[in-house]
Amino acid sequence: RGALEHEPSPLPAEAAPAHPVTFLYHISPWAALTLVPAVLHLEAAELRASPFASSPPLATEAALLAMGGSVLAFFLIVAELLLVEATSGLTLSVAGILKEVLNIAASVAVFKDDFTPQKGVGLAITIVGLLIYNASMLREKSRGLRKAETEAQAEAGAAGAAEPTIRSQLARPWQQHMSKGSQEERQGLQAAREAPSGNGNASSV
């Protein structure tokens, strides 16, 4: 009985993928243990010398800004994990490139950054790459749809071809029974015709 109570439950054949929030719950402590010592070693002196350390209002404002940035970063990571789960890592990379394009456009429009010819060439190459990726994805999706339609039509044709065969197999015993019955009926009629002629011959003798 004790062995049965402590017997471990069998492991599933294929583990289900973890939810992005569960994944972050497990990796966030390890990320903090990796980053916090580096931050204290590289920026502790600057933090102590900054006005944020000596002014409580500034420290509160900095903490709120840091918390707001942390919340935005959390939702960004969750969105990236959901995107990878729904599509692929390549789609995430393309989305990251698109984000960089939007960052460049926002920096030029809002912060009046210099838009050099080098940035323009890089932006044009990026946009062309995004267009090529979208076109290839559309072609692959249409190819998959055509393949699925062809397989469905082939299955429907095979089912239609198999239906007469099934009907003939079901009707064959009935046909054999009817042919056997008609054969017995013909034999009975022939015997009935031959019976009077036999009786007449016997009486004449």
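Where does α2 bend, and by how much?

## Bend in α2

α2 bends at Glu 43, by about 65°. The bend is the angle between axes fitted to the seven residues ending at a residue and the seven starting there. This is a predicted model, in which local features need pLDDT of at least 70 and side-chain atom pairs pLDDT 80 or more, while totals for chains, interfaces and linings use all residues. Residues are numbered from 1 along each chain as its sequence is written, and side-chain values use heavy atoms, without hydrogens and water.

## Overall content

The protein chain has 6 helices and 0 strands (DSSP runs, H or I of at least four residues for helices and E of at least two for strands, numbered from the N terminus). Of its 205 residues, 6% are buried (under 20% relative accessible area, with a 1.4 Å probe and protein chains only).

## Packing of α2 on α4

Helix α2 (residues 20–49) packs with helix α4 (residues 56–86) at an angle of about 125°, and their axes lie 9 Å apart. Axes are lines fitted to C-alpha atoms, for helices over the stretch in contact, and angles run from 0 to 180 degrees between N-to-C directions.

Pro 20, Phe 23 and Leu 24 of α2 make the contact with Phe 74, Ile 77, Val 78, Leu 81, Leu 82 and Glu 85 of α4 (heavy atoms within 4.5 Å). Pro 20, Leu 24 and Ala 44 are buried in α2.

Key
Buried < 20%, exposed > 50% of the residue type's maximum accessible area, 1.4 Å probe, protein only.
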